[in-house]
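Reader: I am new to this structure. Please show me how to read its side-chain features, one at a time.

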Amino acid sequence: DSQLKRGILNICILQLLKQEDRYGYDILNIAGTFPDTDESTIYAILRRLNKGGLTEVYYSEKSLGPQRKYYKIVEKGKLYLKENIASWNEIVRIFHELEIM
């Protein structure tokens with residue numbers, strides 16, 4: 001169950017990053033979609049995605065507060081996302097076929 005959820009979170013986070021670059025706190029909003037997911041899990045996934053070369057990190061220009069750390073999806077991440085969405089769609093298709101049986 002936790003591995004499945006982590007895989008889904010990877011896809012969801014990358015999908016958010018595909019729409020636009022985001023900072024960690026902004027990404028935490030999806031944690032509400034997964035009620036038993038805490039902050040540390042989201043940040044661990046962000047670190048893992050970055051370490052895996054699926055995202056890049058950069059810092060915001062100076063502002064009134066501390067600099068924000070932004071995450072940006074890179075080509076390898078876009079390919080990973082595309083492949084995993086295709087896999088997910090295949091799983092859903094098979095599941096629906098089983099429902100009909």
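**Rings, charges and a core**

Author: R68 lies over the face of Y23, 4.0 Å from the ring centre. A charge sits over a ring if NZ of Lys or CZ of Arg is within 6 Å of the ring centre and within 35 degrees of the ring normal. This is a predicted model, in which local features need pLDDT of at least 70 and side-chain atom pairs count only at pLDDT 80 or more, while totals for chains, interfaces and linings use all residues. Residues are numbered from 1 along each chain as its sequence is written, and side-chain values use heavy atoms, with hydrogens and water left out.

Reader: How many aromatic pairs are there by the rule for rings?

Author: A pair of aromatic rings is described by the distance of the centres and the angle of the planes. Rings of Phe, Tyr and Trp (its six-membered ring) pair if their centres lie within 6.5 Å; planes under 30 degrees apart count as stacked, over 60 as edge-to-face and the rest as tilted. By this rule the count is two aromatic pairs. The ring centres of Y23 and Y70 are 5.5 Å apart and the planes are at 75 degrees, so this pair is edge-to-face. The pair links distant parts of the chain, with Y23 in strand 1 (residues 22-23) and Y70 in strand 3 (residues 69-73), 47 residues apart. Strands (E, at least two residues) and helices (H or I, at least four) are DSSP runs, numbered from the N terminus.

Reader: Which aromatic pair is stacked?

Author: Y58 and Y70 are stacked, at 5.4 Å centre to centre with 10 degrees between the planes. Y58 is in strand 2 (residues 55-59), twelve residues apart from Y70 in strand 3. Y23, Y58 and Y70 form one aromatic cluster.

Reader: Is Y70 buried or exposed?

Author: Buried means under 20% relative accessible area, exposed over 50%, and partly exposed in between (1.4 Å probe, protein chains only). Y70 has 18%, so Y70 is buried. Y58, at 34%, counts as partly exposed.

Reader: Which residues have the most contacts inside the largest nonpolar core?

Author: In soluble globular proteins, nonpolar side chains tend to be buried together. A nonpolar core is a set of buried Ala, Val, Leu, Ile, Met, Phe, Trp, Tyr and Cys residues joined through side-chain atoms within 4.5 Å. The largest one here has 18 residues, and I13, I27 and I42 have the most contacts inside it. Helix 1 (2-19) gives the most to this core, with six residues.
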